[in-house]
Amino acid sequence: MPIHTDTMGSISPSEATPAALPAYKTPWIQTPLVESAALSRAAGCRIFLKLENVQPSGSFKSRAMGNQILSHLSKPENVNRPVHFYASSGGNAGLAAVCAAQSLGYPCTVVVPVPTKPLMVQRLLTAGAADVILHGQTISEAGEYMRDVLMKDNASLGVGCGPNGNGVVKVALHPFDNEPIWEGNSTLVDELVTQLPPAVGEEESARYAHRAMPVDAIICSVGGGGLMNGIVMGIERRLLSRQAAHTKNTTSSSSSSSSSSSTQSPIHIVAVETRGTDSLAAALEKGELVSLPKITSQATSLGVVRVSERTFQYAVNPPEGVKVHSTVLPDADAARGVLRLVDDERILVELACGVCVEAAVGDAGRKPTKKRKRALDEGYGDDRSSSGENEAEEEATIGLAPSSSSSSSSPPLQSKLKQLVPELGPESRVVLVVCGGSNVTIDSAVEWRKMLQDGWGR
């Protein structure tokens, strides 16, 4: 059901009258877009961070699950009836569903796979989940149990949907694979359109004239594909809108020229997965949708064994104005990305989010380096600013590229991003979606740093 957002932040079905159906406030927020000087230097282009980690649930899933919930509440048959939502999730989607449902006054039960960390289970309960049930080894197994067993057990709610139709309405929420989810995620693009700096000068104006917005690439994590689908949908919608407006003011021939130009200068979508959750990369290699035998990555919030059909189709045959690149990095690189955000931006995210950072700025040609002995004085008295040697040694130990000042004698390694999109230059604009995630602690980051110092990923 198509929806729209009004100026007060509430939404209602576009085909309904205000008197027929209630309007609901959106259970997500517009997030900031900030340019990172540190990451831009490392990447060799302008890196903008879309801070989805500040959403009410701590991740972009607030858009996805919030809009999915609103799509159900806006159905005429559900008006003035008690609704109980059910979500199967690796954690973040369930947390977003609970936060959204609670903000709108409805209960939500979450089913998570057994390997889900106790930290996430506790956060779900703290957020107000009606119940949290552990079942199965994957999100899909948890979802099957939720639909086939839990939701069919009327006694679990103490009331059933009786013949008068006034009982509790049980609604199953999918973590990534339906239209309202993608529509919710597409609002991220609507915000980027107004947040990105306008093109300046003739060169920039010409470069972005036929694109959906003034950006060269967008980097996002891929689990089931809901975020990527929303981004592509948002770009496509924006491009079609611009082309429609252009057509009104030009002849048919010039409109055709515009379409051709947009094909030649697409927005690049860099779809990033961790090794062991790489169901999109596996599908692209096979040429058809495939299911991973199991999830072996520590980035469990990306733990979907099979991406959505729409995600696969977007990757194989993206709409005009979009080009999709798939890349896979190991968990150790994801941890490096997490630590880059901690050190450079004071932001703590999950491995599933950190992997995007390393895809943007990590050295694709990184070679193993031996751990070298550091200075004995590691207290507050060691003056590292007087010599770059210790800094370079420490950075090499944890797998980060040394700063330019300490590696002037050797050429910089080419980043993974530059390998995927070679035409990017110093003035190119890249949006990195900081998708966030709540299944992480400071202790986790400390542990990952020690593991990298001890040779993880080498």
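Good morning, colleagues. This is a predicted model, in which local features need pLDDT of at least 70 and side-chain atom pairs count only at pLDDT 80 or more, while totals for chains, interfaces and linings use all residues. Residues are numbered from 1 along each chain as its sequence is written, and side-chain values use heavy atoms, with hydrogens and water left out.

Confidence comes next. The protein chain has a mean pLDDT of 82, with 78% of its residues at 70 or more; pLDDT is the predictor's confidence in each residue, from 0 to 100. A contact here means heavy atoms within 4.5 Å. Where pLDDT is low, the predicted coordinates should not be read in detail.

Helices (H or I, at least four residues) and strands (E, at least two) are DSSP runs, numbered from the N terminus, and two strands pair if DSSP finds at least two bridges between them. The sheet is open, with order 8-7-6-9 and parallel pairing. Strand 8 (131-134) and strand 9 (169-173) are its edges; each has a single partner strand, so one side of each lacks a neighbour in the sheet. On average, neighbouring strands are turned by 20° against each other, direction ignored.

Strand 6 (residues 83-88) runs parallel to strand 9 and is joined to it by five bridges; Y86 has A172 of strand 9 as its bridge partner. Helix 2 (residues 61-73) lies across strands 6 and 9, at about 150° to strand 9. Helix 3 (residues 92-104) packs on the sheet as well, touching strand 6, strand 7 (108-112) and strand 9, and its direction makes about 175° with that of strand 7. Axes are lines fitted to C-alpha atoms, for helices over the stretch in contact, and angles run from 0 to 180 degrees between N-to-C directions.

The axes of helix 2 and helix 3 come within 8 Å and cross at roughly 50°, which makes helix 2 oblique to helix 3. Angles under 35 degrees count as roughly parallel, over 145 as roughly antiparallel, 65 to 115 as roughly perpendicular, and the rest as oblique. Among the residues in contact are M65, I69 and L70 of helix 2 and A93, A96 and A100 of helix 3. By class, this contact has 10 nonpolar, three polar and one charged residues. Ala, Val, Leu, Ile, Met, Phe, Trp, Tyr, Cys and Pro count as nonpolar, Asp, Glu, Lys and Arg as charged, and the others, Gly among them, as polar.

The crossing of helix 10 and helix 11 is right-handed.

Finally, six strands form an open sheet of mixed pairing, ordered 4-5-13-10-11-12. Strand 5 (residues 46-51) and strand 13 (residues 429-434) pair in the parallel sense over six bridges, and the partner of I47 in strand 13 is V430.

Key. A crossing is left-handed if the near helix is turned anticlockwise from the far one by less than a right angle, and right-handed if clockwise.
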